Amino acid sequence: MTDAQTAAETLCDQVAEALDDIKAVDPRIIDVRGQTAITDFMAFATGNSRRHARAIAETVIEAGRATGQPPLGVEGMDDSEWILVDLGDLVLHVMLEDVRDFYRLERIWGVEQAAD
């Protein structure tokens, strides 16, 4: 395993822990290596409110900084319906429930959401 792979997997572990700590709803981290050159992992989480979504994004940003990967970009914090945090090796999408249900981004990466 290369140092880059180890760093990406460490980042995933930190992000998963951060999502759990902040009580993100239905967090998922998907390995997209080999499917895109954009990133190695896509993470998805739902916030219960705009404030919760913002808090999830801020917590993940801090987790990224703690592993030496500050965000390359953050979009959507003002509106907080859909926040994108680009940590390089991992891109996080934090959405409100209705937005996540509408776009179903996990399907793009070949992962079906659990049946309701």
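The model is predicted, and local features are described where pLDDT is at least 70, side-chain atom pairs count only at pLDDT 80 or more, and totals for chains, interfaces and linings use all residues. Residues are numbered from 1 along each chain as its sequence is written, and side-chain values use heavy atoms, with hydrogens and water left out.

**The whole chain**

Taken along the principal axes, the C-alpha atoms fill a box of roughly 40 × 30 × 20 Å.

Now switch to a surface view, in which the protein exposes about 6500 Å², with carbon and sulfur atoms supplying 48% of it; accessible areas come from the Shrake-Rupley method with a 1.4 Å probe, and for residues only the protein chains shown count as cover. Of the 116 residues, 39% count as buried, where buried means under 20% relative accessible area, exposed over 50%, and partly exposed in between (1.4 Å probe, protein chains only).

**The largest nonpolar core**

Next select Val 15, Leu 19, Val 60, Val 85, Leu 87, Leu 90 and Leu 92, which touch the most other members among the 23 residues of the largest nonpolar core. Such a core is a set of buried Ala, Val, Leu, Ile, Met, Phe, Trp, Tyr and Cys residues joined through side-chain atoms within 4.5 Å. Helix H1 (3–21), strand E2 (41–47), helix H2 (50–66), strand E4 (82–86) and strand E5 (90–96) each supply at least two residues of this core. There is also a second, separate core of 9 residues, which includes Ile 30, Phe 44, Met 95 and Trp 109.

Centre the view on Leu 92, and leave aside its neighbours within four places in sequence: Leu 92 is then in contact (heavy atoms within 4.5 Å) with Leu 19, Ala 43, Phe 44, Val 60, Ile 83, Leu 84 and Val 85.

Val 85 lies in strand E4 and is buried, with a relative accessible area of 0%. Not counting residues up to four places away in sequence, Val 85 touches Ala 57, Ile 61, Pro 71, Gly 73, Val 74, Leu 90, Val 91 and Leu 92. To set a distance in the viewer, pick the C-alpha atoms of Val 85 and Gly 64, which are 21 residues apart in sequence and 9.9 Å apart in space.

Move to Leu 84, whose place is also in strand E4, and which counts as partly exposed at 26% relative accessibility. With neighbours within four places in sequence left aside, the contacts of Leu 84 are Gly 73, Val 74, Glu 75, Val 91, Leu 92 and His 93. From Leu 84 to Val 60, 24 residues apart along the chain, the C-alpha atoms are separated by 11 Å.

**A buried loop position**

Select Val 32, which is placed in the loop between strand E1 (25–31) and E2 and is buried, with a relative accessible area of 0%. Among residues beyond four places away in sequence, Val 32 touches Thr 39, Asp 40, Phe 41, Met 42 and Trp 109. The C-alpha atom of Val 32 is separated by 25 Å from that of Met 77, 45 residues apart along the chain.

**Two positive phi angles**

Finish with the backbone of Asp 26, in strand E1, which has a positive phi of about 45 degrees although it is not a glycine. Asp 26 is partly exposed, with a relative accessible area of 38%.

Arg 104 is partly exposed, with a relative accessible area of 38%.

Conventions: Helices (H or I, at least four residues) and strands (E, at least two) are DSSP runs, numbered from the N terminus.
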